[in-house]
Amino acid sequence: QVQLVESGGGLVQPGGSLRLSCAASGFTLDYYAIAWFRQAPGKEREGVSCISSSSSDDSTYYSDSVKGRFTISRDNARNTVYLQMNSLKPEDTANYYCAADGSLITTPQRMCSMPDNYFDYWGQGTQVTVSS
């Protein structure tokens, strides 16, 4: 069964950290570029970080809102992409989900602004709540 499964979300205090995982099954993740999106109630979806495939040297992109605080990485042996989130703020509260792009025709920056139907696979999301 082909799927992406996110995990690692939860409730954290401002200034805290979380590491989100995006695990793939049924396909090899290192051949895909991966995007992390988030969406809070009443707000537009935001592409927070994207990483190219391993064949493209794992180049990365971060939105201005998370640059310097979030780090995207991949562990091909575990078929997983991670999003390390540090110095979390209440405005980071959202549902976070990952998506996989096998076309490899665009840059991480452009991929982070692509519409839903651009991607091959989607996860179900994991909730992150930053609150004291």
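Colleague: What does Phe 27 touch, not counting residues up to four places away in sequence?

Modeller: This is a predicted model. In it, Phe 27 touches Val 2, Gln 3, Leu 4, Tyr 32, Asn 79, Ala 100 and Tyr 121, with residues up to four places away in sequence not counted.

Colleague: Is Phe 27 buried or exposed?

Modeller: Buried, because its relative accessibility is 10% and the cut-off for buried is under 20%.

Colleague: Where does Phe 27 lie?

Modeller: Phe 27 is in the loop between β3 and β4, the latter being residues 33-39.

Colleague: And what separates Phe 27 from Val 48?

Modeller: Their C-alpha atoms are 24 Å apart, and along the chain the two are 21 residues apart.

Colleague: What holds strands of a sheet together in general?

Modeller: Strands of a sheet pair through backbone hydrogen bonds, in either a parallel or an antiparallel way.

Colleague: How many bridges are there between β3 and β8?

Modeller: There are 6 bridges between β3, which covers residues 18-25, and β8, and the sense is antiparallel. As for individual positions, Leu 18 stands opposite Met 85 in β8.

Colleague: Now salt bridges. How many are in the whole structure?

Modeller: The search finds 7 salt bridges. One of them joins the side chains of Asp 58 and Arg 74, at 2.9 Å from N to O. Asp 58 is in the loop between β5 (46-51) and β6, while Arg 74 is in strand β7, so this pair ties together parts 16 residues apart in sequence.

Colleague: Are those two buried or exposed?

Modeller: Arg 74 is buried, with a relative accessible area of 14%. Asp 58 counts as partly exposed because its relative accessibility is 29%.

Colleague: Which residue does Lys 67 meet in a salt bridge?

Modeller: Asp 64, with an N to O distance of 3.3 Å between the side chains. Asp 64 counts as exposed, at 67% relative accessibility.

Colleague: And what about Asp 92 and Arg 69?

Modeller: Their side chains meet in a salt bridge of 2.7 Å, N to O. Asp 92 sits in the loop between β8 (80-85) and β9 (94-101), and Arg 69 in the loop between β6 and β7, so the pair ties together parts that are 23 residues apart in sequence. Asp 92 is buried, at 0% relative accessible area. Arg 69 also counts as buried, at 10% relative accessibility.

Colleague: Which residues are linked in a network of salt bridges?

Modeller: Arg 38, Glu 46, Arg 69 and Asp 92.

Colleague: Last one, Ser 65. Which residues is it in contact with, leaving aside neighbours within four places in sequence?

Modeller: Ser 65 is in contact with Arg 38 and Glu 46 on that basis. The side chains of Ser 65 and Glu 46 are joined by a polar contact of 2.6 Å.

Colleague: Where does Ser 65 lie, and why does it count as partly exposed?

Modeller: Ser 65 is in the loop between β6 (60-62) and β7 (70-75). It counts as partly exposed because its relative accessibility is 32%.

Colleague: How far apart are Ser 65 and Glu 91?

Modeller: From C-alpha to C-alpha they are 9.4 Å apart in space, and in sequence 26 residues apart.

How values were computed:
Residues numbered from 1 in each chain as written. Predicted model: local features only at pLDDT ≥ 70, side-chain atom pairs only at ≥ 80, totals over all residues. Heavy atoms only, no water. Helix = DSSP H or I, 4+ residues; strand = E, 2+ residues; numbered from the N terminus. Buried < 20%, exposed > 50% of the residue type's maximum accessible area, 1.4 Å probe, protein only. Contact = heavy atoms within 4.5 Å. Polar contact = N/O pair within 3.5 Å; in protein donor to acceptor, adjacent residues only side chain to side chain. Salt bridge = Lys/Arg side-chain N within 4 Å of Asp/Glu carboxyl O. Pairing = 2+ DSSP bridges.
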